[in-house]
Amino acid sequence: MSIEIPKVDLPRYPDQKTILGLQRLFGDRKIFWDIDGTCKNSLDSVLECVKNDFGILIKPEEVIGFNGITEILLNRRSDLNLDYGQMNKYEWTYWTDSDVLSKAPDVAGAQFVMQMLDAAGFEQEIVTSRIPELAECTHALLGNFAPWVKKVSIRSDHTVDGSKFKAQTVGNNVLFDDSIDHVRATIESNPEAIAVYLAYKQDIGKFPHPRVIEINNSNGARNMWYTWRILKRLANVAHY
């Protein structure tokens, strides 16, 4: 026997109370979105390549921080006799491959949250620390994904530190990001900036700050639906 699951129609616009609450929460600031880990599950695409090339299945929650895949490969494929530097080159080959990143699935709910913020009147931009060579594929990727985005900012120079680049680009606005380094740099460099920090398990609670909204981004919460529920609760509180 088959059971028909009813279709749920998502709202195209947030309710007025949520709109007013978000406007009170964020003021007239712009919203800046990180890409990898925030809008796109790029790690999933990279791990698929690792599985195909090395025969190792790595779960996203196993990867801790930058170069986390390198650490796992060194432990599980010691038979390759590669040192840290050599293995790390393999990892970053994936992270700098436009074909790999273009296959990354969307972070569930990210488009919905963008649509809700657009309906609430917020101007939105993308800011990424990706290398300059990925500019073309990044712009092409986001063209269909995020029609609400007015601008995409990407590093134009390899020597520019990613965290400093984001801090300077975001200014006293709002940053949605899953990197503790990028969030810290933005908050500490801009006295009126706000960050919606999608924290992974190993980083939860490491950067408590009154202008940081920390959201558990690990395990089952690794999606923007959870983030939206938290933002809506905060907005409803801010409304009063």
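Reader: What should I know about the model and its numbering before I start?

Author: Residues are numbered from 1 along each chain as its sequence is written, and side-chain values use heavy atoms, with hydrogens and water left out. The model is predicted, so local features need pLDDT of at least 70 and side-chain atom pairs count only at pLDDT 80 or more, while totals for chains, interfaces and linings use all residues.

Reader: How are two packed helices described?

Author: Two packed helices are described by the angle between their axes and the distance between the axes. Here the axes of helix α8 (residues 162-170) and helix α9 (residues 180-189) come within 8 Å and cross at roughly 45°, which makes α8 oblique to α9. Axes are lines fitted to C-alpha atoms, for helices over the stretch in contact, and angles run from 0 to 180 degrees between N-to-C directions; under 35 degrees counts as roughly parallel, over 145 as roughly antiparallel, 65 to 115 as roughly perpendicular, and the rest as oblique.

Reader: Which residues of α8 and α9 make the contact?

Author: Contact means heavy atoms within 4.5 Å, and G162, S163, K166, A167 and V170 of α8 make it with D181, H182, A185, T186 and S189 of α9.

Reader: At what angle do α2 and α4 cross?

Author: The axes of α2 and α4 cross at roughly 130° and come within 9 Å, and the two helices are therefore oblique to each other. From α2, the residues S42, L43, V46, C49, V50, D53 and F54 meet M87, Y90, Y94 and W95 in α4.

Reader: Which residues lie nearest the centre of the largest pocket?

Author: A pocket is an open set of points on a 1 Å grid over the protein atoms alone, where a 1.4 Å probe fits, with protein on both sides within 12 Å along at least five of seven lines, and lining residues have an atom within 4 Å of a point. The largest pocket is lined by 41 residues, of which D36, G65, F66, W95 and D178 lie nearest its centre. The elements giving two or more residues to this lining are α2 (42-54), α3 (68-76), α4 (84-95) and α9.

Conventions:
Helix = DSSP H or I, 4+ residues; strand = E, 2+ residues; numbered from the N terminus.
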